[in-house]
Amino acid sequence: MQKKTALIVGASGLVGRQLLHLILEDDFYQSVTSLGRKQLDINHPKLKQEIVDFENPDLSKISADHIFCTLGTTIKKAGSQDNFKKVDYQYPFETAKAGLNNGSELFAIVTAMGSDPKSMFFYNRVKGEVELSLKELNYHHLGIFRPSMLLGDRQESRLGEQIGQWVMKAIGFLIPANFKAIEAKKVANAMLKYAKSPKKGLSEISSGQML
């Protein structure tokens, strides 16, 4: 079987870093491209890095057999709801659309538990909206991963999340599987496992399934 090519958008993030390392170590992929705003501090013979201006991207660079999107921010970091929607809706959707036009067969994205385009909560609503738009692209394989609270070491400090992680770990045995906090590496592992043997059409993977 011919080895696949991969592209990761958001490889500097919590899940993206884990996924990049897994793909680099796996013989299933012959090469992987990291598409991001800045250079990663990593060198590997399989890795190609492309710096992108998401407001004016070179769409020809968004090309691989499999595309993984792990982009995500917070309204506080983004500075406004409009900027948040750019990162969590506009950039993922435009990447998926360009990839499909360039021949990509699989698109896998991390959204969130509770994603719903009709949600009263802005965060969940945007996540649901991007899922809905991606489904309309009719990818041969579309994987939507909805983790609960992510555990792991972020490059930036998020005090609220740190407190939440401590609480979730302390009472985790009382929480149903879908609501338990989940290690970023488990999400990355689930994405890789899916991509190596995807079913046709849409796959929606809950946090409990990833655990």
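Colleague: What order do the seven strands of the open sheet follow, and how do they pair?

Modeller: The order is β3-β2-β1-β4-β5-β6-β9, with parallel pairing. A strand here is a DSSP run of E, at least two residues, numbered from the N terminus. This is a predicted model, where local features need pLDDT of at least 70, side-chain atom pairs count only at pLDDT 80 or more, and totals for chains, interfaces and linings use all residues. Residues are numbered from 1 along each chain as its sequence is written, and side-chain values use heavy atoms, leaving out hydrogens and water.

Colleague: Why are β3 and β9 said to stand at the edges?

Modeller: β3 (47-51) and β9 (201-206) each have a single partner strand, so one side of each has no neighbour in the sheet. Neighbouring strands are turned by 15° against each other on average, direction ignored.

Colleague: How do you know that β1 and β2 pair?

Modeller: Pairing takes at least two DSSP bridges between two strands. β1 (residues 4-9) and β2 (residues 29-36) have six, in the parallel sense, so they count as a pair. For valine 9, the bridge partner in β2 is leucine 35.

Colleague: What makes α3 and α6 part of this picture?

Modeller: Helix α3 (residues 81-101; a helix is a DSSP run of H or I, at least four residues) lies across β1, β4 (66-69) and β5 (106-110). Helix α6 (residues 184-196) packs on the sheet too, touching β2, β4, β5, β6 (141-146) and β9, where contact means heavy atoms within 4.5 Å.

Colleague: What are their angles to β5?

Modeller: About 170° for α3 and about 165° for α6. Angles run from 0 to 180 degrees between N-to-C directions, with axes fitted to C-alpha atoms, for helices over the stretch in contact.
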